[in-house]
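Me: I have a model open and would like to go through part of it. Could we start with one residue and its surroundings?

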Amino acid sequence: MSNLETDPVEVECHADAGIASGSGHLHMDVLTARDVPLGGPRAMTVHRTLPQRSRSLIGAWCFVDHYGPDDVASSGGMDVPPHPHTGLQTVSWLFTGEVEHRDTMGNHAMVRPGEINLMTAGHGIAHTEVSTPDTTTLHGVQLWVALPADKADTPRDFAHHRPDPLDLGGVTAKVFLGELFGTRSPVHTFTPLTGAQLDFEPGAAVDIDVDPTHEHGILVDTGTVEVAGTDAAPLSRTELGYVGLGARRITLTNVADTDARVVFLGGAPLSEDIVMWWNFIGRTHEEIVSYREQWEAHSERFGQVHGYVGSTQHLPAPPLPHSRLRARSNTPGRATP
C-alpha cells in the first residue's frame, strides 16, 4: 500500500541522529501514530508513525504505515491503481491476508504473511496492489527506505524472500532485512538496515544485540512490550519506540498476559537531507515537481503496468502545495547520564 493521501504533507528530512546512553540506561522516545485515511477507489485507514514532526527517519527508514486487522467485507479491501515511485525501496510485510503485486518491470507476485516483497524504485517505477478475492482480513505494515543520493537513480528492481523462523525460547523471530540473531537476509539494500518480526508468548523476553552506530525502532502491533532500562512506559499497540545511537543491547519483554507482536527496525543514519512528497523521494523541490510532471505526462520514466483490471489505469497525482517543499528536521534523542 502506497501513500494515497489526497493532500500529502511535504517532508524534507534532515538526518540528525539521536543518542542512546552507553551506560546501560537507554533513552527512548515514544512516537504516537496518527490515523491517515487513504484515498483511491477503496479507502483504508492506516496508523502512521513515520514521518512526523518529531522524527522523520530511523536509519534510512522513512515511512512506516501499520494497518489492520481490516475486515475486507466492510472496507472492500485493497485496490491501488498504477501509481509511481522514485528514490526509494518499498517493503511490503503482511501478518494476515494476501496482496497481488504488478509493476512496470513485468513482475507479478503475491505478498503473503511472513514473506518480504522489496521493490526498488530508483529512477522510477509504477505498480499496483490488490488484495486477492480469498482475503477476508488485511493486516500488516508498509515500509519505505530512502535511497542514498548516489543510488537514488538506480535501475528498477524487485526481490522476494521468505525468512525461516528462529525459535528464541518464547520468542519467534523472522529476519526479513539485514542481520540479527546470527542470521542474515539475502535481500539487498543500499544502506545498512535491519528489519524483523518478533512474536512473543505471554511474559517472554528477548535480548537483542545491536550495532551501536545504528538507530532503532520498535513498532508494536499487538500486546504490550516493555523496553528494559528506559523510563518510558511499556509500548502499546501502534506505538513506535525510538532508540538512538549508542545502544549495544535492547531487551524487550511482553508484559501482557496475551501474545505480542513487534516489528523491529534499525539502520545506519542517513547522513543526507531528502524531500519526500506523495510517492516520491528527491533532494530538491524542483526534482519533486519534475517527477510529478513526468508521471502526469505518462513518461517512460515510470513505464506501464500490464494486467491490472481496475477502472483507473493511471492514478492522478494530487496538486502540489502553493509554497515550496520545505525542510522538516529530525529531533535528536537525548543522551542519558
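Reply: This is a predicted model. Setting aside neighbours within four places in sequence, Gln89 is in contact with Leu118, Met119, Thr120, Leu143, Trp144, Val145, Leu147, His188, Thr189 and Phe190.

Me: Is Gln89 buried or exposed?

Reply: Gln89 is buried, with a relative accessible area of 0%. The residue belongs to strand E7, which covers residues 88–96.

Me: What does the side chain of Gln89 make a polar contact with?

Reply: The side chains of Gln89 and Thr120 are joined by a polar contact of 2.9 Å. The Gln89 side chain also reaches the backbone oxygen of His188, at 3.5 Å.

Me: And Phe190, how far is its C-alpha atom from that of Gln89?

Reply: Their C-alpha atoms are separated by 9.4 Å, although Gln89 and Phe190 are 101 residues apart along the chain.

Me: Changing topic: which residues does UniProt list for "binding site"?

Reply: The unreviewed UniProt entry lists His83, His85, His127 and Glu129. These residues span 47 residues in sequence, yet no two of their C-alpha atoms are more than 13.3 Å apart, so they gather at one spot.

Me: Which strands hold His85 and His127?

Reply: His85 is in strand E6, residues 79–85, and His127 is in strand E11, residues 125–131.

Me: Why does His127 count as buried?

Reply: His127 counts as buried because its relative accessibility is 2%, under the 20% cut-off. His85, at 0%, also counts as buried.

Me: Which side chain does His127 make a polar contact with?

Reply: The His127 side chain makes a polar contact of 3.0 Å with the side chain of His83.

Terms used:
Residues numbered from 1 in each chain as written. Predicted model: local features only at pLDDT ≥ 70, side-chain atom pairs only at ≥ 80, totals over all residues. Heavy atoms only, no water. UniProt positions renumbered as here; feature names shortened; annotations may be inferred. Helix = DSSP H or I, 4+ residues; strand = E, 2+ residues; numbered from the N terminus. Buried < 20%, exposed > 50% of the residue type's maximum accessible area, 1.4 Å probe, protein only. Polar contact = N/O pair within 3.5 Å; in protein donor to acceptor, adjacent residues only side chain to side chain. Contact = heavy atoms within 4.5 Å.
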